[in-house]
Amino acid sequence: MAGNSKLAVAAHALVWIELHCRAGHEVATSEQIAGSVNTNPVVIRRLLGRMREAGLVCSRRGSDAGWRLLRPLESMTLRDVYEAIEPSPLFELHRAEPNPECPVGCGIKPAMRTVYDRAEEAVRAELGRVTLDEVLRDVLAVRGPAGAYELVSDCG
């Protein structure tokens, strides 16, 4: 079963926009962000579009088009990002209705729903403890604050 990387890509994009801004740029383009993420700009635009609807970023069109943050990273948590980009539950139940005549089939959905609800709340709670500013600090710890601006110019 493949994992979902949307949250990691979305956090990457937001942190990159912040560093790009700190380097003296007013906005970041989808193409620039995609260069850092190593993905197609359409993927970035889709994620940023969802985050725009959630009030995390805004965009402008025209010759100076691009994206910018609407809130400081200190006030954005990974939960905010997760809820903006993941409208569906973390876990899903059966796509087809199990056999109601089977002793397992008739009770599996309620049993699993309870577990899934608790697991989802635990994930949301943990994501709510981590701000994007903390993510940025961890990113900078790998390269060091002096290399942060070089990092932005190297990949965008």
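## Arg71 and its surroundings

Arg71 touches Gly55, Leu56, Met76 and Asp80, leaving out residues up to four places away in sequence. This is a predicted model, and in it Arg71 sits in the loop between S2 and H4. Arg71 and Leu56 are 15 residues apart in sequence, and their C-alpha atoms are 6.2 Å apart in space.

Thr77 has a relative accessibility of 14%, so Thr77 is buried. Beyond residues up to four places away in sequence, Thr77 touches Leu127, Gly128, Val130 and Thr131.

## The fold as a whole

Stepping back, the protein chain has 7 helices and 2 strands. Along the sequence they follow the pattern α-α-α-β-β-α-α-α-α. The protein chain has 156 residues, of which 36% count as buried. Its accessible surface comes to about 9,300 Å², with 54% belonging to carbon and sulfur atoms.

## The hairpin

The two strands, S1 (residues 57-60) and S2, pair in the antiparallel sense over 4 bridges. The hairpin has 5 residues between the strands, and Gly62 takes a positive phi near 105°.

In soluble globular proteins, nonpolar side chains tend to be buried together. Here the largest nonpolar core has 34 residues, and those touching the most other members are Leu14, Ile33, Leu48, Met51, Val81, Ile85 and Leu132. At least two residues of this core come from each of helix H1 (6-22), helix H2 (30-37), helix H3 (41-53), strand S2 (66-69), helix H4 (78-85) and helix H6 (132-143). H1 supplies the largest share, 10 residues.

Setting aside neighbours within four places in sequence, Ile85 is in contact with Lys6, Leu7, Ala10, Leu47, Arg50 and Met51.

## One side of H2

Which residues of H2 are buried? They are Ser30, Ile33, Ala34, Ser36 and Val37. These residues cover an arc of only 160° around the axis, so they lie on the same side of H2. An α-helix has 3.6 residues a turn, so residues three or four places apart point the same way. After H2 comes Asn38, with a positive phi near 65°.

## The cysteines

How many disulfides does a search of the whole structure find? The search finds 0. Cys106 is in no disulfide, and the nearest cysteine sulfur, that of Cys102, is 7.0 Å away, whereas a disulfide needs the two sulfur atoms to be within 2.5 Å.

Cys106 counts as partly exposed because its relative accessible area is 49%. Cys21 has a relative accessibility of 42%, so Cys21 is partly exposed as well.

Notes: Residues numbered from 1 in each chain as written. Predicted model: local features only at pLDDT ≥ 70, side-chain atom pairs only at ≥ 80, totals over all residues. Heavy atoms only, no water. Buried < 20%, exposed > 50% of the residue type's maximum accessible area, 1.4 Å probe, protein only. Core = buried A, V, L, I, M, F, W, Y, C linked by side-chain atoms within 4.5 Å. Contact = heavy atoms within 4.5 Å. Pairing = 2+ DSSP bridges. Areas by Shrake-Rupley, 256 points an atom, 1.4 Å probe, with all protein chains shown as cover. Arc of directions from axis to C-beta.
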